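Subject: Structure handover

Hi there,

Here is the structure I promised to pass on to you. Please have a look at it first, and then read on for my notes.

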Amino acid sequence: MTHSEFDDYQNIILRKVVGMRDTKGKEYANSENRFGNFDRVAAELDLTNIQVAWVYTKKHLDGIASFCRTQRELSEPIEGRIVDAIVYLTLIAGMIEEREAEREKTLKDENVDKHQPFEYDPTKTEEVAFLE
């Protein structure tokens, strides 16, 4: 496969990833929250939504690993598993991004209206005489 042929094929795969996001993603979320399905399952199982998404991802990765070992498709086409794995990995990335944004917001909010320690300024220190 040439570079150009691969680039074309990669674009086809990525279009399928976006298509999956736009169809199944809305169906599974069943709410305005893109991670709604993961959040509900996480609450039921006392896990994080990231952990739930990893379980779903791992199912597809196991199928891909099986294909790599046997070179045979068993229950569904390998390309579908690859597309699904990419979708789940981007969902995990989004969940991490959301968590980090919430963490930053919390850290900023905790410091509002609180006294902030001053920085050390050696020009404003008094000399201390030491006993000899």
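Let me start with the contacts along the chain. If you take the contacts between residues at least 6 apart in sequence, 53% of them join residues at least 24 apart. Please keep in mind that this is a predicted model. The mean pLDDT of the protein chain is 87, and 80% of its residues reach 70 or more. Among the elements, confidence is lowest in α1, with a mean of 88, and highest in α3, at 97.

The overall layout is quick to describe. The protein chain has four helices and zero strands, and from the N terminus on the order reads α-α-α-α. Of its 132 residues, 23% count as buried.

**The nonpolar core**

Which residues have the most contacts inside the largest nonpolar core? They are F38, V83, V87, L91 and M95, in a core of 16 residues. The elements that each give two or more residues to this core are α1 (3–29), α2, α3 and α4. Of these, α4 gives the most, with six residues.

V83 is in contact with I13, K16, V17 and M20, once neighbours within four places in sequence are left aside. V87 lies in helix α4 and is buried, because its relative accessible area of 9% is under 20%. With the neighbours within four places again set aside, V87 is in contact with V17 and M20. V17 and V87 are 70 residues apart along the chain, yet their C-alpha atoms are separated by 5.9 Å.

**The aromatic rings**

I also went through the ring pairs, taking rings of Phe, Tyr and Trp whose centres lie within 6.5 Å. By this rule there are three aromatic pairs. In one of them, the rings of F38 and Y56 have centres 5.5 Å apart and planes at 45°, so this pair is tilted. F38 belongs to helix α2 (residues 36–45) and Y56 to helix α3 (residues 49–70), so the pair ties together parts that are 18 residues apart in sequence.

Y88 counts as buried, at 16% relative accessibility. Taken together, ring pairs link F38, Y56 and Y88 into a cluster.

**How α2 and α3 pack**

α2 and α3 pack at an angle of about 105°, and their axes are 8 Å apart. Angles of 65 to 115 degrees count as roughly perpendicular, and α2 and α3 are therefore roughly perpendicular to each other. On the α2 side, N37, F38, D39, V41 and A42 take part in the meeting; on the α3 side, N49, V52, A53 and Y56 do.

Within α2, the buried residues include G36, N37, F38, V41 and A42. After α2 comes D46, which has a positive phi, near 55°.

**One more residue in α3**

L61 also sits in helix α3. At 29% relative accessibility, L61 counts as partly exposed. Not counting residues up to four places away in sequence, L61 touches W54 and A85. L61 and R81 are 20 residues apart in sequence, and the distance between their C-alpha atoms is 7.6 Å.

**Where to look**

If you have just a few minutes, here are three views to open:

- The cluster of F38, Y56 and Y88, linked by ring pairs.
- V87 in helix α4, together with its contacts V17 and M20.
- The meeting of α2 and α3, with their axes 8 Å apart.

Happy browsing, and do write back once you have been through it.

Best wishes

Note on methods:
Residues are numbered from 1 along each chain as its sequence is written. This is a predicted model: local features need pLDDT of at least 70, side-chain atom pairs count only at pLDDT 80 or more; totals for chains, interfaces and linings use all residues. Side-chain values use heavy atoms; hydrogens and water are left out. Rings of Phe, Tyr and Trp (its six-membered ring) pair if their centres lie within 6.5 Å; planes under 30 degrees apart count as stacked, over 60 as edge-to-face and the rest as tilted. Buried means under 20% relative accessible area, exposed over 50%, partly exposed in between (1.4 Å probe, protein chains only). A nonpolar core is a set of buried Ala, Val, Leu, Ile, Met, Phe, Trp, Tyr and Cys residues joined through side-chain atoms within 4.5 Å. Contact means heavy atoms within 4.5 Å. pLDDT is the predictor's confidence in each residue, from 0 to 100. Axes are lines fitted to C-alpha atoms, for helices over the stretch in contact, and angles run from 0 to 180 degrees between N-to-C directions. Angles under 35 degrees count as roughly parallel, over 145 as roughly antiparallel, 65 to 115 as roughly perpendicular and the rest as oblique.
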